[in-house]
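Me: Could you take a close look at one part of this protein for me, the disulfide and what surrounds it in the description? I'd like one connected answer, please.

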Amino acid sequence: MQPRNMSMSGVVDLAAVKAAQEAKAKAEQARAEAARQGGGGSGGVSPAGLVIDVDEAGFERDVLQRSTEVPVVIDFWAEWCEPCKQLSPVLERLAVEYNGRFVLAKVDVDANQMLMQQFGIQGIPAVFAVVAGQALPLFQGAAGEAQIRGTLDQLVQVAEERFGLTGLVVDPDAEPGSTPAEAAEPPAGPHDALLEAAVQALDAGDFGGAVQAYKNVLSDDPGNTEAKLGLAQAELLHRVADADPQQVRKDAAEKPGDAQAQIAAADLDLVGGHVEDAFGRLTDTVRRTAGADRDAVRVRLLELFEVVGADDPRVIAARRALARALF
């Protein structure tokens, strides 16, 4: 599977965010269980399992799928590369030191030319990361340890704050070959069946069913973070499912002061990954409208903030813009 070249501030990926929220809950439960057991026998990954060799055949399993649980840093190297011999040991040592906050995947470019081409690598050493299925470049060439630490710190912070990835549980007593997949499943929560039903409805394109399933969870547990996020996503997808994109765009262009036309276009903007366009469109419409129309636009903008996430820098900037438009 070809990796997607996306930056840390890239477009909204609803599937990745959904997977990340599920991974966050699972990781937090596993950490809590490990703490209760004093770290031993937790079923976590061994320290040696934090550094893995990856080839083209195992890339989807070992990198893309694993990146929904923990950031995966990829070290592209070769035996003949002298700078690689300086960089790789530093990355391996830091992978163990960071204690499960990221996994280091080592790719020998001589044996995996296709991966090298897919990532667009012109020279080695080259270091990338994959977070929740999204690939981003970190640095190329030799780098000092201070620079590497700074980059890794930023990666870990973004992975946790933006995607909810809290990393893996590291068990010093685990067998060296063990992997997170071998860890015992945490006990099911009281709303797991309803949440799973909502996810299945989303996957099947039954957005109305997903909306209702998430609402059922929130009626019993109003603070359920996963249900709140899922409901915002499901409602957005439900709204645009039967829309005619060409007509929606035409109406928005011809009626800049029409609140409903701009709201419909903003929904399409967001689903298409044009986050700033969606936020800017609705903020401008708030300035142009008044009364009930203005309030409807403001409410929809707040709903779209929920889809993207409160900590996203684009949401923070848009909140400031909205405040200026209102006051």
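**A close look at the disulfide**

Reply: The structure holds 1 disulfide, meaning a pair of cysteine sulfur atoms within 2.5 Å. This is a predicted model, in which local features need pLDDT of at least 70 and side-chain atom pairs count only at pLDDT 80 or more, while totals for chains, interfaces and linings use all residues. Residues are numbered from 1 along each chain as its sequence is written, and side-chain values use heavy atoms, with hydrogens and water left out.

The partners are C81 and C84, with sulfur atoms 2.4 Å apart. The torsion about their S-S bond is about 80 degrees, so the disulfide of C81 and C84 is right-handed. In general, a disulfide is a covalent bond between the sulfur atoms of two cysteines. C81 and C84 are both buried, that is, under 20% relative accessible area, where exposed is over 50% and partly exposed lies in between (1.4 Å probe, protein chains only).

Another buried residue is V107, which counts as such because its relative accessibility is 0%. V107 sits in strand β3, residues 103-108; strands (E, at least two residues) and helices (H or I, at least four) are DSSP runs numbered from the N terminus. Beyond its neighbours within four places in sequence, V107 is in contact with V54, I74, D75, F76, W77, N112 and L115, contact being heavy atoms within 4.5 Å.
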